[in-house]
Amino acid sequence: MEERAVARFLREGRAVSRLRHPSIVRVYSIGTLPDRQVPFLVFEWVDGVELRQRLTGPSSLDDH
């Protein structure tokens with residue numbers, strides 16, 4: 001990933017991790033894998049249906 005894109009991903013991840021609301025999934029960890037500089041987010045586990053089942057209409061999830 002481009003360095004600017006990684007920096008933005010991490011900055012926005014830190015911002016989201018500070019949010020607390022029953023309708024927002026919590027972010028527990030943010031970082032990059034040291035061997036490949038791949039950014040990641042660790043979210044809380046929410047028991048229930050998959051996000052794909054909740055979304056309506058076309059989405060990028062349909063491509064995977």
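Which residues does Ser 17 touch, not counting residues up to four places away in sequence? In the predicted model examined here, Ser 17 touches Val 27 and Ile 30 once those sequence neighbours are set aside. The position of Ser 17 is within helix H1, which covers residues 3-17. Ser 17 counts as buried because its relative accessibility is 18%, and buried means under 20%.

Helix H1 also holds Gly 13. With a relative accessible area of 3%, Gly 13 is buried. Apart from its neighbours within four places in sequence, Gly 13 is in contact with Val 27, Ile 30 and Leu 41. Gly 13 and Val 42 are separated by 29 residues in sequence, and their C-alpha atoms lie 9.7 Å apart in space.

Strand E1 (residues 27-33) and strand E2 (residues 38-43) run antiparallel and are joined by 6 bridges. Within this pairing, Thr 32 is placed opposite Pro 39 of E2. The hairpin of E1 and E2 has 4 residues between the strands, and Gln 37 in this hairpin adopts a positive phi near 55°.

By residue class, the lining of the largest pocket comprises 6 nonpolar, 1 polar and 4 charged residues.

Note on methods:
Residues numbered from 1 in each chain as written. Predicted model: local features only at pLDDT ≥ 70, side-chain atom pairs only at ≥ 80, totals over all residues. Heavy atoms only, no water. Nonpolar A, V, L, I, M, F, W, Y, C, P; charged D, E, K, R; others polar. Helix = DSSP H or I, 4+ residues; strand = E, 2+ residues; numbered from the N terminus. Buried < 20%, exposed > 50% of the residue type's maximum accessible area, 1.4 Å probe, protein only. Contact = heavy atoms within 4.5 Å. Pairing = 2+ DSSP bridges.
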